[in-house]
Amino acid sequence: MLEKNLLEVEKRVQAACDRAGRKREEVTLIAVSKTHPASMVQEVYDLGIRTFGENKVQELCEKEAILPKDIRWHMIGHLQRNKVKQVVGKACLIHSVDSLRLAEAIEAEAAKKDLTVDILLEVNMAGEESKFGLTPEEVPDLVDKVAAFPHLHIKGLMTIAPNVENPEENRVHFANLRKLSVDIAAKKVNNVNVSILSMGMTNDYEVAIEEGATMIRVGTGIFGKRDYDIT
Ligand SMILES: *Cc1c(COP(=O)(O)O)cnc(C)c1O
């Protein structure tokens, strides 16, 4: 089942790239393995995938400890400051930085461990109350502040679009995230390179690719439904 799913996702990613006149290599597929056992991650790994996303620190750390060391783990879920210590050094990219306080906590831990941490700023493009993330208006100011942190590198922006029936409804949010990244890039802040756009999930990754996504986060499309989605 996993191989068939992966082939289907790969086919759709390629088709979306073709429609948008983009190269397949411009889009990184992150296999979102949250709630699924390490054995399933290993299966997907054996099919060639090396980039996995988790939304909980503990689960990321548990899987990281037992799965192959060449896996690139991405922390894609909301991050609490008291969990920063565990994830710094394990995740190659933290997608969910949404406050100065969180950025400060990551900077402090990175300094302590003497490493640099790549991060994305999470933006709540649709203004959903149920979601974490900065407002688009808050982003430029946080970029300026975090740019001065020696152990953090802002690499781009991330958004979680609303859960909609028709993915076309999310096109505007993806287009707006891209515009925001273009505006930030134009300011040429030192130490900041906003080339990554992490946007698009199972339901809407094709639209996201058409609007410029460079990372898509696909869980259900690869691993199938999560238990808590069914119960
Ligand atoms: C769970 C999750 C995904 C993947 O969702 P699917 O709809 O299963 O593809 C993507 N991004 C984040 C932040 C998630 O928590």
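How do the residues of the lining of the largest pocket divide into nonpolar, polar and charged? I looked this up and found 13 nonpolar, 11 polar and 10 charged residues in that lining. I counted Ala, Val, Leu, Ile, Met, Phe, Trp, Tyr, Cys and Pro as nonpolar, Asp, Glu, Lys and Arg as charged, and the others, Gly among them, as polar.

I note that this is a predicted model, in which local features need pLDDT of at least 70 and side-chain atom pairs count only at pLDDT 80 or more, while totals for chains, interfaces and linings use all residues. Residues are numbered from 1 along each chain as its sequence is written, and side-chain values use heavy atoms, with hydrogens and water left out.

**Entry: the largest pocket**

I recorded about 910 Å³ of space in the largest pocket. A pocket here is an open set of points on a 1 Å grid over the protein atoms alone, where a 1.4 Å probe fits, with protein on both sides within 12 Å along at least five of seven lines; lining residues have an atom within 4 Å of a point. The volume is the space filled by probe spheres set on the points, which are joined across faces, edges and corners. Of its 34 lining residues, Lys 34, Asn 55, Ile 160, Met 201 and Arg 226 lie nearest the centre. Helix H3 (57-66) and strand S8 (215-218) each supply at least two residues of this lining; helices (H or I, at least four residues) and strands (E, at least two) are DSSP runs numbered from the N terminus.

**Entry: the ligand**

I found that the ligand takes the space of the largest pocket, the criterion being that more than half of its atoms lie within 2 Å of the grid points. The residues around the ligand include Val 32, Ile 76, Thr 202 and Gly 219, each with a heavy atom within 4 Å of it. By class, this shell has five nonpolar, three polar and three charged residues.

I then listed polar contacts (pairs of N or O atoms within 3.5 Å). Polar side-chain atoms of Lys 34 lie 2.7 Å from a ligand oxygen, and those of Thr 220 lie 2.5 Å from one. A ligand nitrogen is 2.8 Å from a side-chain N or O atom of Arg 217. The protein buries 90% of the 390 Å² that the ligand exposes when taken alone, by the Shrake-Rupley method with a 1.4 Å probe.

**Entry: the second largest pocket**

I recorded a volume of about 190 Å³ here. H1 (2-20) and strand S1 (28-32) each supply at least two lining residues, and H1 gives the most, with four.

How values were computed: Polar contact = N/O pair within 3.5 Å; in protein donor to acceptor, adjacent residues only side chain to side chain.
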